[in-house]
Amino acid sequence: MKTDVTLKIAGAAGEGIQTIGDLLSEVCHHSGLFTFSVDDFESRVRGGHNFNLLRISDKEVAAPGNRLDILVCINKDAYDLHKQELRSGGIVIVNADKAGTEDKTRFDIPLKKLAEEAGGKITANTVAAGAVLSMLGTPFSVLADILKKRFAAKGDKIVSLNMAAAQKGFDAAKGLSLDTGFTWEAKKSNIVVLSGAKAAALGALAADCRFFPFYPMSPATGVITNVVSYTKKLPVVVEQAEDEIAAVIMAIGASFAGVRAMTATSGGGFCLMTEGLGLAAMTETPLVILNAQRPGPATGLPTRTGQADLLFSIHASQDDFPRFVFAPGTPVETYETMKRAFHLSEKYQVPAIVLLDQFLADFRMTEVNTLTVDPEIERFYAQNNSGDDDNPYLRYAPAQDGVSPQRLPCSGPGLVRITGNEHDPEGHISENAANRIAMTQKRAAKLPAMIKEMAPPILVNPTAPVFLVGWGSTKGNILEAVERLNAQGIEVGAAVFKDLWPMDRQVVEKALTGKQLIMVEQNASGQLGRLLAQEARISAFDTILKYDGRPFFPDYIVQKAKELVK
């Protein structure tokens, strides 16, 4: 009996593909099951080809499946595109004009006609969900409970309509049972279903971020839209700026005034923000930027995924200055990383960049709920409200650790001066050569303490002679690939980076030296590998690279790793 099932719902944009996946995930969560859900969609409102890929398991899963047990095709094109992905013994449902069967795997069910019979063709996605849950052995009562909760706010008529549609689909798929071992009972469990975008929003709110200026850009827009629902509950402001440059400058201005602020964008928008990034560095103003990567250059692939902004994020804006760069691997890690980004950016008065990508921003994963909100949030502003300090306030006073006291404007008698030009300790513009050297060294003096804040890469099977090495959203795929390879007798370990910059060279050298390294990255040049060669003097590595805009799958990594393991 299967306890790890993968299904795909495929059709055109506008046919409710994601709605079906969301409804199925909700039923699974209700029963304490774990899911991993991925939406694949084109950059268009209607037409084209979309699908939802849903993996269901009784154990935690951190990667998508790609060998299908169930395929639901809302149109015939979907069948032609995906029929070869079906496992032996898998089942295909194809939306057709009338019920029928062509062979032992394909079954035609008139999903749209059944929806019309139920009272509205708009409910075809509910019909499809009912059919799938019938095949999985889910009692209809479980689906009915979810539908009542899901549509209660829309009134009894909408609830009844969807109940009737679900029943139509459920009955139509009777006899197409997949032999699963799932237990479909309501369970109270400490698990949560999150996307990376929602987790980033919640993490920022938990860090007491109050201001969210942004300019819409896929796939980062989801981060801010997840904040909007909290604007009436929490003292936060969301501002849609006229462009990305305005958004980052707004965030810097709010931070200068003592309000935690962030902006979210993708690669093209981050390009526009680089001058603002330099302004935050020169003025030593805390700033958090989330870059949800997508393939480029230019417009690239707006709704696809990639990891090609790593080196750019580390070196963006002119000249040298310290910054943090993080790349979480799961939604829960994203939540915690956002909290750390605000804390460390303010503590060291430097920019912090959090790298997501379309895959992590949009996939929805079930994880154990470890999300916490700290009862008190440490702030790093110097307070001076006594009114008896006649000495000038030295915003950029020399400091051994490079961190000068940061005062809020109007919190004391001294003026708080900042400028985008090089400046003296008081904040006045200065072109003095000795001062320039001193200020550059002061900013760089933050790095030793910043490096100590960085977490080492996550190591799995650390004594293995071969390591799969990756960063960010490749984590789940890499770890499952390692598990599968070891089960096949191929001894492999893994090193997955979450904290990327500044890099602790000694820690990285110690962890990776002497291993056969296989870099697993979603870019064309192996950017983490190049960074390791530069920073940790590790230059001997193989690569498994993917840059077609689609995510990795464990199967793909296993196949490629077998070709490379020596």
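Reader: How many bridges join strand S17 to S18, and in which sense do these strands run?

Author: Two strands pair if DSSP finds at least two bridges between them, and strands (E, at least two residues) and helices (H or I, at least four) are DSSP runs numbered from the N terminus. In this predicted model, local features need pLDDT of at least 70 and side-chain atom pairs count only at pLDDT 80 or more, while totals for chains, interfaces and linings use all residues. Residues are numbered from 1 along each chain as its sequence is written, and side-chain values use heavy atoms, without hydrogens and water. Here, five bridges join S17 (residues 466-471) to S18, and the two run parallel, with Phe-467 as the bridge partner of Gly-493 in S18. Strand S16 (residues 458-460) is joined to S18 by three bridges in the antiparallel sense, and Val-460 stands opposite Ala-494.

Reader: Is S18 (residues 493-497) enclosed or open, and why?

Author: Buried means under 20% relative accessible area, exposed over 50%, and partly exposed in between, with a 1.4 Å probe and protein chains only. Five of the five residues of S18 are buried, so the strand is largely enclosed by the rest of the structure; Gly-493, Ala-495 and Phe-497 cover one side, and Ala-494 and Val-496 the other.

Reader: How many disulfides does a search of the whole structure find?

Author: A disulfide is a covalent bond between the sulfur atoms of two cysteines, taken here as a pair of cysteine sulfur atoms within 2.5 Å. The search finds zero; for Cys-28, the nearest cysteine sulfur, that of Cys-73, is 20 Å away. Cys-28 counts as buried because its relative accessibility is 1%, whereas Cys-410, at 81%, counts as exposed.
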